[in-house]
Structure formats: structure tokens, C-alpha cells
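Visitor: I am new to this structure. Please take me through it in short steps.

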Amino acid sequence: MMTTWRYFWLQAKLSFKSTQSIFKPEEFLLLDLGYPIISMTFYVLLAAYSFNPATLASWVVGNAFLLCIHVCIFVMGQAITAERAQGRLRTVITAPTSDLQFLLAKGFFPIITVFITVLAGFIIGSQIFHIDLTRIAWLPLLACIFVGMASATAFGLFLATFSLITDSMHFILNFVATGLFILTGANFPVTQLPLFWRGVSQLLPLTHSIQAAGQVTAGRMAGVGWDLLIEGGLAVLYFCLATVAIRMCEHYARKHATLEMF
Amino acid sequence: MIHVIWETIKVQMKNSWARPMFRFTLVASPVLNTVLIYEMFLHSGRHDATSYIILGSGLMGLWSSICFSSIGDIARDRYMGVLPFLFTSPSNYNLLIVAKTIGNTVLASLTLVISAVTAAGLFRLTLQIPHPGLFIAALLVTIAGFIAISIPISYLMLLSRKTGLYMNVLDIPVTLLCGFVFPLSMLPSWTRPISAVLVPTWSTRLLQLSLRITPDWPAWRTTLLWNGGLIVVYVGLTALFWRVIEHRVRQQATLEVNE
Amino acid sequence: MPMIKVDHLERDFVQQNIHWWKRTSTIVHAVRDLSFAVQPGEIFGLLGQNGAGKTTTIKTLTTLLLPTAGTAQVNGLDVARDYKAIRQHINFIFGGELGLYRRLSARDNLLYFGSLYRLPLPTLAKRADELLALVGLDNEAERLVETFSKGMIQKLQIARGLINDPSVLFMDEPTIGLDAMSVQNLHKIILQAKQKGTTIVLTTHYLHEAEVLCDHLVVIDQGQKVAGGTVAEVIDAGQKQVPDTAITSLEDAYIALIEGGGTHDPRHLGNH
């Protein structure tokens, strides 16, 4: 167990290192700071116009959570695609380390950074839209963010396995990402959705953690524990699904020659 | 020359359609945006909700397609290593970019149709067009404006190796600043000058004006003038950028990929 | 017992053609009825034109592809069924500049790939350093791969391929695009690996390279074997194709064999 953890740590560290280049201020300002804030501002302003609510707290929370989509859905979901494009996938697949451990190691540091992004997004958004941060119970809020990020990552891992069988990952990931904007209750209450889609929303990552975080920021704790439990359960479920899917996809990829570039 | 432009437009439309991501921005994205904006406006009680839902999501899709296609084309050409050949070939690269952009924008205009069909099909929501002639005129001016703005941006991308980065970060800010889905009065006043120099702001206003039962001719005149004036400025910028860029890309070697 | 046994191997691909909304597919027979055996500790060459099926064969043997029909065994294990067990004992090197982390140093690359093979952690760093010394990159160990020349990248690929001390090393055009000095260095490393008992399967377009390195080889054309054996036996086979011309080198024999056997085109066998 200890050895596995040490392999995992080495792989996580080197994976993260391999994606980092020299710090470029314009990239940081535009992509890591400016774009997420503008994106969040856009949706919160849209809510301010269409809902005209007394407080924008729940939209700030919801859209801050959605800031994780870049890493959890796009980066994790394209982990395999990037390996394939750079010709490393064949080595990774044929090495004895499990594909899932490889993917988890790839996601380890990005999750930590995304946790910080969501938290920073919430604080900056709160300043822009004048939300009172003094009454917030921070520990439950951090728990909401952590559990939400875990299930979104597991979901991203599950999606990543599809790239072994299809070349349309850009399409799938964009579709799913926009779907999360609609179905997780970040921008309008899920009760507005038709019954079927309400059911789907309950199975998606983020829905429950956004709901819980909304409660926490409103100073209420009712149902928070239950929502976090379900969100945690979804994290485990997607993790298990990813394990099964990656085995099936690898077999498909060997049969249909989809391991290499299309 | 017309033949070259027409052939490039045709090839471009075919190439773009072959890319899954283009099909996403063209078809899936307007459908999903229409659903999202509809749900957000569902209980708003605002009289302009329908135009924001249908036109707003269509314009969002149109702008996304331009960001990821016309502007992204340079990134793709550069990544595939064909940019140096295109740039140094005897045919005018200028002309190729113009033709490619026309092809993309015309195809991307379908997003407006898709938004309208989605709203009608899913929510029984239709846009009342009291003066079809005026609406079509506004639509043509909109398409011309979107073509005009995307060409100088495409040229600017030749100067940078980070086209992918800018392509991504141009999408939402323009949607925000041009009032596609909510009025510009929602934004702080310091953003007004930025909105004013972006032609999509005036195209959006023209489209909204064309939906009024009684045409507001003075507003039409002003908005048209802004549209026309900005298109002329963008064409001027295109010519200027081209001269500067031709020299600077050779000086700074930005035609090649640098990871 | 041979280290590798390929028996009537076949591999088809479905090639998709998209034209607007219309989608058609064509079946391409990349490998057809291919059989050969590789003995332990030898260097075995796969020769053929571009698209002849060499890379497909290597990918099947390295468990990256399943055979459509026929069987292939590595170290007595079936590539379709026992792929996990095979992966412990093999490694491969593909030509070109892909396959490494460009933003990691040479040493970090080896540490990363070594960890994927679960090499004992205390010895992993030592193994990486040994291999870097073997390929002559010990002075560049901490340099980022993105600053490497083609030749240096290829040396690092070799070190990566040897990281798990494989029993069988597959090399797909490993010397492509390298200068004469680098090619000679790589040949030395390949021969050193052979001396240590590693079985090597090599594809190459450079017939002189095959002549110098390979103990046995097969010539494949359009997915099918057209000749096989030692270099001398392949030259004999080429001579039989053109009895009126004197064949003295592998290159002449190869051209005679490909020209003599290349009358069929199995590629486009129907639309679906």
C-alpha cells in the first residue's frame, strides 16, 4: 500500500511538472484569472437581469463551482487524448501500472489547484456582487467544495475513458460542460426542469454540492449533510464506473485500432 | 479571383463541417444555450425575453463559431505546419482569410435558425417579426459586421503563438460586452466605450430594432451608421494590420508552432 | 522454443470516409496470412514498403492491437489473451520525436516511465542514470527534452525502451531521420542489448541497416510475406525472382521481391 502510494506520488508530481511551463503573466492573467471571473460575471449578470433577485449569492456559489469544469471536465477528460496526440499512450497502456492509477495521478494536483480556483472565484465573486461573507460557516463550505470537486473529477475520469473509442472528445466534453450549466442548478432551480431531466440532474456531479453550498451561504444547515453524502456517493459511483469503462474501452481500442491518432 | 474566393468558401465550409467541434458550436451549442437562457428567463416576466432567448442564444453561437473557426483556423494551420507555405505562396493569403471567414460566418449564421427552431420545437416560442424586410436587412448587416470584425482579429493572431489562448478568452467577453442576452445597462458605465467599438453591439441593437412593430427610423439611422462606420474602420484596420504583420511575422518568427 | 511465433496472422481495419452527411467505410487488409518465428536473443528484421503492414504487425505483437484472425505469441503467451503478462516483459521504441514528456528532463522522463513499470523505487534512480550513461546522455540528464535534438530524443527513446530490462524490444524505424554518427551509436546500443540476451524485432527502411544488424528477417508486401530467412537466404529468394540479373545485395533482392510480388492490391475490397 505504502509502495503504491509512493509510486502514485512520483507519478502525480512528474505528471504535473510535465504540464507546467515557465510562468507567463499574460497567460495567468487571461486564462487563470480573467476568463473565469468574466465567465462567472456573465452568468451572474444574466441571472440578475432575468431573475431580478434580492441577493445573487446562490448564483455566485453555483457559478464559482462551475469554474471547476475547465479542469475536471476538459483537462481530466482530455488526459488520454493528449497522451495519444503526443504518442505516449501506447507506452502508458502497455505499462503494468493500471490505467486508472495513471489517470488519477494525472488529476491529483489539478484537483488541488481547482479547489483553490473555486474558493477564490467564490470570494472574488462575492466582492463583485456585494455578498456578505461574515456570516458564512467556512468549514461546511470547504467540505462542499471538496466533495463537489471529488465527484466532478471522478466524472471527468469516467468521460476520459471514452477517448479510447471516439475521436469526438471535444464535442462530448463541450456538450457535457454546457449540460452541467443547465442541469446542476447553478443558474436556475432544478425544479424547473422536466421530470426526466430532474432525475438526470440528481445523478450528475455538482448538483448536490451546489445545493448544499447554497444552503451554507444562506446561513442554513438543513439537508447539507444529506446532500454531501449523496455527492460523495456519486464520486464513488463514477470512480467505479471509470474503472469498469476503462477496461472495456481498452479492449475495444485494441480491437478497433483506436489507441493511435485518428 | 471570384473563382478562387468561391472555391475557398466551399472548401472551408466543407472542412469546418467535418470537424466535430464546429458541429458542436453550430448545432449543439445554440440548442443548449437556448434551453439555458429560456429556463433563466422563464419566470422573468420581461417583455423582451423572447428576443433575448432566440436572438441572444443564436448570436452567442454565431460568435463562438467565429472564435473557434475563423480565428482558430490560423492556430490549426500553424499547428499542422501549413502556415509558412500559405504565407509564402504566390496566391494572396489575405484573400484566402477573407474567403475562409465568409464561408465560416455564412455557415455559422445557421445558429440563429437553430435557436429559433429549438425555441419553437421545445418551448412553443416564436419570434414575432412584424417587418420581414427590415429583419432580413438587419440580419445581412449583422453577418457583414461579424465577418468584418473577425478578419482583423484573425490577422492579429498571426502575430502571436498563443492563438488557442486568445481564441478561448474572446468568446464570453464579447457576449458579455455586446448585450447578446441582457441590456448593456446591466454593465458598469466604464464598459460602454468598449461595447461601442465592437460592431456586434450595434448588430444586436439593429436586430432588436427590426422587431419593433413601429419602426424607430432615427434609431435605425444611427445604428446603421455605427454599423457601417465600424465595418469601414475594421476594413481599414485589416489593411493596416496586413502591412505590419507581413513584416513582423518574419521578424518574430510566429508562423511556426512553439509549444 | 521461439521467443515470438506468428501464425497465419491477419489484421483488418475499417477506414471511414466522410463526405458531408454521407459516411462510407472501406475494409483495409493491413496484414494477411503472415507467419514467422523469432528465436531468443536474435535481432529480427521486418522489411517492407510504407503501408506494407510492418507497424501493424509490431502493434499486434506489443498488445496494442488484437488480431482479426490467426495467432501470435510472445514468450509462449498469446497476444490476445495473455496481454497483461506479456506487457511485463516487453517494451518498444517508435521512430520520430513523439512519445516523451517534452517539458520534463531526460532523467524525469525515465523516472516517470520506470514508475509505470513499477521498478523498485530505491533502484529506479540508479537504473535511470545507468541508461542515460549507456546512451550517452549522462551529461544532459537534467535538460528539458524540448531542448533536445532529434538524435538526443532518439537516444532517450532507447533508454526509455530499456527501462524495464525487457526480454523483447520492438523497434519501429528507430533510426529514421538521424545523422550517420547517431545511427552508428544506436547500432552499438542495439548490439549491446543483443549481447545481454534481449530479443530485438526491428523494422527499417534502410536495407544496409538490416544487413548489418539482423540475424533473420522477413520481407512483407501488401500485408503478406514474400520472403524470409537469413540475409543470404533472402538474397537467394530475390535472385530466383530475376534469374537473369545478378543479385548481390539485400537492397537488390528486396527490390526484386517487391517488384515481383507486388501485383495485387488488396486494399479496396468493397464499400459498406
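Guide: First, a convention: helices (H or I, at least four residues) and strands (E, at least two) are DSSP runs, numbered from the N terminus. Residues are numbered from 1 along each chain as its sequence is written, while chains are lettered from A and ligands numbered from 1 in the order in which they are written. This is a predicted model in which local features need a pLDDT of at least 70 and side-chain atom pairs count only at pLDDT 80 or more, whereas totals for chains, interfaces and linings use all residues.

Visitor: What does chain A average in pLDDT?
Guide: The mean for chain A is 86, and 97% of its residues score at least 70. Here pLDDT is the predictor's confidence in each residue, from 0 to 100.

Visitor: Where in chain A is confidence lowest, and where highest?
Guide: Helix H5 (residues 79–85) of chain A is lowest, with a mean of 79, and helix H10 (residues 195–203) of chain A is highest, at 95.

Visitor: How many helices and strands does chain A have?
Guide: Chain A has 12 helices and zero strands. Its C-alpha trace spans about 55 × 45 × 40 Å along the principal axes.

Visitor: Which residues of chain A are listed as "transmembrane region"?
Guide: The unreviewed UniProt entry lists several stretches of chain A, including 136–159 and 228–246. Residues 136–159 of chain A are 92% helix, and their end C-alpha atoms lie 34 Å apart. For residues 228–246 of chain A the figures are 100% helix and 27 Å.

Visitor: Now the contacts: how many residues of chain A are in contact with chain C?
Guide: In chain A, 25 residues are in contact with 23 residues of chain C; contact requires C-beta atoms, placed from the backbone, to lie within 7 Å. Helix H1 (2–19) of chain A gives the most to that side of chain A, with seven residues.

Visitor: Moving on, what is the strand order in the open sheet of chain C?
Guide: The six strands run S6-S7-S8-S3-S9-S10 (chain C), with mixed pairing; two strands pair if DSSP finds at least two bridges between them. The edge strands, each pairing on one side only, are strand S6 (90–94) and strand S10 (224–229) of chain C.

Visitor: In what sense do S9(C) and S10(C) pair?
Guide: Strand S9 (residues 216–221) of chain C pairs with S10(C) in the antiparallel sense, over five bridges. Val219(C) stands opposite Ala227(C) in S10(C).

Visitor: Which strands does helix H5 of chain C touch?
Guide: Helix H5 (residues 150–161) of chain C packs on the sheet, touching S6 and strand S7 (168–172) of chain C, and its direction makes about 170 degrees with that of S6(C). Axes are lines fitted to C-alpha atoms, for helices over the stretch in contact, and angles run from 0 to 180 degrees between N-to-C directions.

Technical notes. Two residues are in contact if their C-beta atoms, placed from the backbone, lie within 7 Å. UniProt positions are given in the numbering used here, feature names are shortened, and annotations may be inferred rather than shown by experiment.
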